[in-house]
Structures are given as C-alpha cells and as structure tokens.
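Here's a quick tour of a protein model for anyone who is new to reading structures. Have a look at the picture first, then work through the points below.

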Amino acid sequence: MRAAIYNGPRSIEVGERPDPVVAAPTDAVVRVVLGCVCGSDLWYYRGETPHAVGSIGHEFIGVVEGIGTDVRGIAVGDLVIAPFKYCDGTCPHCRAGVTSQCVAGGAFGNGEIDGGQGEAVRVPLAGATLVPVPGSRHSDEMMRSFLALSDVMSTGHHAAVSAGVRSGSVVAVVGDGAVGLCAVLAAHRLGAARIIALSRHPARQEVARSFGATDIRAERGDAAIGAILELTDGVGVDAALECVGTGQSMATALGIARPGSVVGVVGVPHDIENPMETVIFRNIGLRGGVSPARAYIPELLDDVLDGRINPGRVFDFETDLDHIAEAYKAMDERRAIKSLIRIGAKEDGR
Ligand SMILES: [Zn+2]
C-alpha cells in the first residue's frame with residue numbers, strides 16, 4: 001500500500017509500506033477514508049521532537065476491511081473513528097477513563113505501527129479502540145467532523161474538562177491552532193458563559209467566534225495577561241486552557257488563571273519553566289495531559305450526529321495522499337489551520 005513516510009525533518013514523502021493484515025485475533029484492518037496532519041506532527045516536521053523514520057499520522061477515519069476472530073463490537077464494512085492511540089479497554093488505566101495511558105496501548109504512526117496518513121492501517125486491540133459510526137450516507141461536512149474527533153476535538157475537550165469548565169464559567173483559551181479552536185467549542189458545549197480566545201489571525205478569529213468565543217484578544221505575553229485581567233475586573237478566569245505548549249503560552253495561562261482555578265494543559269511541552277511557585281503561592285492547579293480520546297468520542301459523536309457541534313470546520317486546507325508534503329507545508333507556514341488528506345473512497349455503497 002501507499003503511505004506517507006517520515007524521512008527526517010522537512011522530509012515527508014509517499015512511499016510503499018507492506019499491506020496490513022490481521023496478524024492477531026484482536027486486530028482489524030481499516031481502509032483509510034480521511035486522514036489529517038496534527039499540530040504535534042509539525043514538531044517532528046520541524047525537527048524539534050524526534051520521530052522514527054517510517055509511518056506517520058495518528059488521526060483517521062475509515063472502513064473496516066477485515067477483523068480477527070476476537071474482535072467484538074465492530075464488523076466488516078463499518079465506518080469507524082480511530083482515537084489517536086489504541087487501547088485494550090480493560091486495564092486499570094482504561095477502566096479509570098485514562099485510555100491514553102493503557103498498559104497495552106500505543107500510538108498510530110510512530111514509525112512502525114501503521115499511520116493514519118496511508119491507505120490502510122492494522123489496528124491492534126480493535127474492538128476496544130475503534131468507535132463505529134451509526135447510520136450511513138453521511139455528508140462530507142459530517143465526515144470531516146468525525147475525523148476531528150480522532151484527536152483535535154477530543155484534545156480540546158480534554159483541556160476544558162481538565163480545567164473544570166461548567167455552566168457559567170469564564171474561560172480563556174491560549175492558542176488559536178486547531179486544538180485551541182476546538183477548546184473554544186468544547187467550553188461552549190459545556191456551558192461557559194464567557195469565552196475569551198487569544199488570536200491575532202482573522203481566519204482563526206472567525207472560526208473561534210463561530211465556535212462560541214465571546215471575546216477575541218490579539219495581545220500576547222504580558223500584554224495578553226493585562227488585557228484579560230482588565231476584562232475580568234482583575235480577578236482572572238475560572239478556567240485557562242493552554243493549547244500550545246511553549247514557555248510563553250504557559251506563562252500566559254498561569255498569569256490569567258484566578259486563584260483556586262485549574263489550568264487545562266494539553267499542548268506538547270517545549271521549554272516550559274517549572275510552574276511550582278505559581279501552583280503553591282497562587283493556588284493554581286494544573287491538569288490535562290494526553291487526551292483519553294477513546295473515552296470521549298462516544299459523547300462527542302452523539303453531538304456531531306445531532307448537529308450540535310461541527311468541529312470539522314477546523315479543516316481549511318485539503319489535498320490527497322500524493323500531495324501530503326504540501327499539507328505539512330501549509331500548516332508549517334500557518335497558511336492552514338489544519339490540513340485534511342482525502343485518501344480513500346467514502347463508504348462503499350452505504
Ligand atoms: Zn488499557
């Protein structure tokens with residue numbers, strides 16, 4: 001089969017990988033329909049985080065082509081959403097809802113395990129991992145939102161849940177990448193009364209507004225902290241959602257969080273100062289980490305199917321597998337919020 005291959009920094013090419021087969025009784029083979037590029041893929045692309053040479057891409061939806069004898073809950077022909085990590089659903093961490101830390105789990109597209117930026121994927125522990133999508137003949141708009149549940153929307157939701165966003169909360173979202181925008185949507189879905197989005201990019205501001213942002217601020221760093229404290233009468237926000245992972249974005253999130261609040265942290269950390277002084281002397285908590293997407297997808301999927309949320313709006317660039325390098329480039333240059341890759345034909349006759 002054909003798949004994107006990570007060859008090193010700034011080198012993503014389409015190459016050949018072995019056709020996936022059902023190798024274990026708990027495996028499924030999924031033919032990929034839509035894949036996409038993640039903000040975390042950009043860290044590899046830029047050479048700032050190491051990545052093994054080989055498969056890449058961890059977000060995809062597709063159609064089940066084959067299943068092992070021990071796979072329950074999905075059938076050949078099902079349209080399925082893959083969370084970005086596979087899991088067994090039975091270990092203590094899975095049972096506690098932290099499927100992203102499954103003792104038997106792992107990540108798609110890590111160089112060795114098939115990635116979502118390819119024609120097909122062998123999915124380990126498929127019965128516990130894949131979420132079947134009910135119904136048929138879904139619109140393209142809905143297919144894009146299914147794909148967003150694989151990671152970006154589940155991760156934005158995790159930021160909001162981790163920070164304790166609830167009805168009436170005053171929320172600020174640091175980061176206007178696809179995860180930050182989805183965090184706005186998640187906060188809105190959870191009933192936040194006020195959502196301040198930090199963005200200086202008109203196209204991203206527009207998506208943030210359509211997702212429920214009530215205020216947009218273009219300031220950065222100390223100026224952003226000052227602006228948000230002013231908006232909140234010097235109090236700070238009930239929930240700051242940190243969706244970037246840099247030293248500056250974390251400092252901003254900690255600076256605008258009101259005493260007693262929890263900062264929701266989902267950005268991949270790079271060069272962040274130890275926040276313990278803030279944690280202790282300003283009574284601010286930190287919670288988040290790798291989103292347990294598998295645990296969140298069913299409830300988010302219900303809202304997508306009912307038309308209550310449309311997270312697929314974060315995809316503003318699309319191409320096919322042959323032009324995958326262009327999909328990375330567009331995001332690297334910030335021309336695209338998030339790149340969608342059309343890989344296979346939609347559901348066969350369904
Ligand atoms: Zn587990």
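Two strands pair if DSSP finds at least two bridges between them. Helices (H or I, at least four residues) and strands (E, at least two) are DSSP runs, numbered from the N terminus. This is a predicted model, where local features need pLDDT of at least 70, side-chain atom pairs count only at pLDDT 80 or more, and totals for chains, interfaces and linings use all residues. Residues are numbered from 1 along each chain as its sequence is written.

**The whole protein**

- Along the principal axes, the C-alpha atoms fill a box of roughly 60 × 40 × 35 Å.
- Out of the 350 residues, 51% count as buried. A residue is buried if 20 or more other C-beta atoms lie within 10 Å of its own, exposed if 12 or fewer, and partly exposed in between, with C-beta atoms placed from the backbone.
- Take the contacts in the protein with a separation of 6 or more: residues 24 or more positions apart account for 70% of them. A contact means that the C-beta atoms of two residues, placed from the backbone, lie within 7 Å.

- Strand β11 (residues 170-174) is mostly covered, with 5 of its 5 residues buried.
- V170, A172 and V174 point one way from β11, V171 and V173 point the other way, and all are buried.
- β11 pairs with strand β12 (residues 194-198) in the parallel sense, over 5 bridges. Across that pair, V173 stands opposite A197 in β12.
- Strands of a sheet pair through backbone hydrogen bonds, either parallel or antiparallel.

**A three-stranded sheet**

- Which order do the 3 strands of the open sheet have? The order is β2-β1-β4, and the pairing is antiparallel.
- β2 (11-16) and β4 (54-55) stand at the edges with a single partner strand each, so one side of each has no neighbour in the sheet.
- Strand β1 (residues 2-8) and β2 run antiparallel and are joined by 6 bridges. R2 has E16 in β2 as its bridge partner.
- Helix α12 (residues 324-332) packs on this sheet and touches β1 and β2, and its direction makes about 160° with that of β2. Angles like this run from 0 to 180 degrees between N-to-C directions, and axes are lines fitted to C-alpha atoms, for helices over the stretch in contact.

**Helices meeting α11**

- Helix α4 (residues 140-149) has 7 of its 10 residues buried, so it is largely enclosed by the rest of the structure. Among the buried ones are M143, F146 and L149.
- The axes of α4 and helix α11 (residues 293-305) come within 10 Å and cross at roughly 160°. The two helices are therefore roughly antiparallel to each other. Angles under 35 degrees count as roughly parallel, over 145 as roughly antiparallel, 65 to 115 as roughly perpendicular and the rest as oblique.
- In this meeting, M142, S145, F146 and L149 in α4 touch I297, L300, L301 and V304 in α11.
- Helix α5 (residues 152-162) also meets α11: their axes come within 9 Å and cross at roughly 100°. That makes α5 and α11 roughly perpendicular to each other. M153, S154, H157 and H158 of α5 make the contact with A293, Y296, I297 and L300 of α11.

- R137 lies in the loop between β10 (131-132) and α4. Its phi is near 50°, a positive value in a residue other than glycine. R137 is exposed, with 9 other C-beta atoms within 10 Å.
- D271 lies in the loop between β15 (262-265) and α10 (276-281). Phi of D271 is near 55°, again positive in a residue other than glycine.
- Is S100 buried or exposed? S100 is buried, because 23 other C-beta atoms lie within 10 Å. S100 sits in the loop between α2 (92-95) and β8 (106-107). Leaving out residues up to four places away in sequence, S100 touches K85, V290, S291, P292 and A293.
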